[in-house]
Amino acid sequence: MIEINDLQRIYHMGTVEVRALDGITLTIEKGEFLGIMGASGSGKTTLLHMVGLLDLPTSGRITIDGLDVLRLTDYEKTMFRLYKLGYVFQDYALVPDLTVMENVALPAMLRKDRSEEQVKKDSFSILQKIGLYDRRDHLPRELSGGQQQRVSIARAMVNKPDILFADEPCANLDSENSKMVLDLFHEINEEMKQTIIMVSHEDWHKDYFHRIVRLRDGKIASDEKNLSAG
Ligand SMILES: Nc1ncnc2c1ncn2[C@@H]1O[C@H](COP(=O)(O)OP(=O)(O)O)[C@@H](O)[C@H]1O
Ligand SMILES: [Mg+2]
């Protein structure tokens, strides 16, 4: 469970202050597939970066399974990210000179508790799951955008994180590839009971989410369950 309490993030641009997050309080249950929606500039990415431990809030509190994560040291945060969290970005962020297989294996290789054999096995099995096993020796640029995004999801999933963060993962995809990516998230959520927090501003994506939190000017404008999801 993730508990976010009165989260504030203020950016100072010269003398102007931008309240990117202005008092966000939110509880996210384990296994939830949560959509964060709202207009451009409403604070979606900022919120994701705070909860994903990629940036620090100005004030407020975040606990994950009871752990006060903002009080962790930098090293502890790095370890927490590596062992517990996974990320998918809009631009895929794959390493261009590494093959598909190497990209997927990368986060697993950084861990001390995984043998080379185990890493290989996990990477193969997740590549099979996303239907790109036969492309494992290709470079990212030899794949379509949709395939690259599926590789980046495989990379995020290889360590079986508790929480998967995705910031507009379909922003550069056509509707067919977007659907494939959303179906993959849906499957992951169903099968692995992964908590997924996904930012989107495409209205039709909301059919996939269990719950939709809409932001406006750094505040929660609405928070609704979607009973027909899935
Ligand atoms: N690094 C930054 N420096 C200054 N202002 C920022 C920075 N990042 C975001 N902002 C501002 O914070 C607000 C929220 O941004 P963001 O979280 O990126 O919104 P969204 O993802 O919903 O489009 C915007 O007004 C944006 O201009
Ligand atoms: Mg954004």
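This is a predicted model: local features need pLDDT of at least 70, side-chain atom pairs count only at pLDDT 80 or more; totals for chains, interfaces and linings use all residues.
Let us start with the hairpin: strand 1 and strand 2 form it, with two residues between them. Gly14, in the turn, has a positive phi of about 65°. Strand 1 covers residues 2–13, and strand 2 covers residues 16–28. The two run antiparallel and are joined by ten bridges.

Is Met13 buried or exposed? Its relative accessible area is 56%, above the 50% cut-off, so Met13 counts as exposed. Met13 also belongs to a nonpolar patch on the surface, together with Val16 and Val18. The accessible area of these three residues together is about 270 Å².

Arg19 forms a salt bridge with Asp22, at 3.5 Å from N to O. Arg19 is partly exposed, at 38% relative accessibility.

Which order do its strands take? The order is 6-7-8-3-9-10, six strands in an open sheet with mixed pairing. Strand 6, residues 85–88, and strand 10, residues 219–225, are the edge strands, each pairing on one side only. On average, neighbouring strands in this sheet are turned by 15° against each other, with direction ignored. As a reminder, strands of a sheet pair through backbone hydrogen bonds, in either a parallel or an antiparallel sense.

Both senses occur here. Strand 7 and strand 8 pair in parallel over five bridges, and Phe165 has Ile197 of strand 8 as its bridge partner. Strand 3 and strand 8 also run parallel, joined by four bridges, with Ile36 opposite Val199 of strand 8. By contrast, strand 9, residues 211–216, pairs with strand 10 in the antiparallel sense over six bridges. Leu215 stands opposite Ile220 of strand 10.

How many residues of strand 8 are buried? Five of five are, so the strand is mostly covered. Thr195, Ile197 and Val199 point one way from the strand, while Ile196 and Met198 point the other way. The buried state therefore applies to residues pointing in both directions, each being under 20% relative accessible area.

Helix 6, residues 175–192, lies across strand 3, strand 6, strand 7 and strand 8. Its direction is at about 155° to strand 8. Helix 2, residues 74–84, lies across strand 6 and strand 7, and runs at about 75° to strand 6.

Which residues of helix 2 are buried? They are Lys77, Phe80 and Leu82. The cover over these buried residues includes strand 4 (59–64), strand 5 (67–68), strand 6 and helix 3 (100–109).

Helix 1, residues 44–51, deserves a separate word. Six of its eight residues are buried, so this helix is largely enclosed by the rest of the structure. The buried residues are Lys44, Thr46, Leu47, Leu48, Met50 and Val51. Just after helix 1, Leu53 takes a positive phi of about 60°.

I close with the salt bridges, of which the model has 16. Lys129 and Glu187 meet in one of them, with an N to O distance of 3.0 Å. This pair links distant parts of the chain: Lys129 is in helix 4, residues 116–129, and Glu187 is in helix 6, 58 residues apart. How accessible are the two partners? Lys129 is partly exposed, at 26% relative accessible area, and Glu187 is also partly exposed, at 33%.

Another salt bridge joins Lys206 and Asp203, again with 3.0 Å from N to O. Lys206 has a relative accessible area of 26% and is partly exposed. Asp203, at 44%, counts as partly exposed as well. Finally, Glu17, Arg19, Asp22 and Lys219 are joined into one network by salt bridges that share partners.

Technical notes. Residues are numbered from 1 along each chain as its sequence is written. Chains are lettered from A and ligands numbered from 1 in the order in which they are written. Side-chain values use heavy atoms; hydrogens and water are left out. Two strands pair if DSSP finds at least two bridges between them. Axes are lines fitted to C-alpha atoms, for helices over the stretch in contact, and angles run from 0 to 180 degrees between N-to-C directions. Contact means heavy atoms within 4.5 Å. Patches are made of residues with over 30% relative accessible area and no salt bridge: like charges are joined within 9 Å, nonpolar side chains (Val, Leu, Ile, Met, Phe, Trp, Tyr) within 5 Å. Accessible areas come from the Shrake-Rupley method with a 1.4 Å probe; for residues, only the protein chains shown count as cover. A salt bridge is a side-chain nitrogen of Lys or Arg within 4 Å of a carboxyl oxygen of Asp or Glu. Buried means under 20% relative accessible area, exposed over 50%, partly exposed in between (1.4 Å probe, protein chains only).
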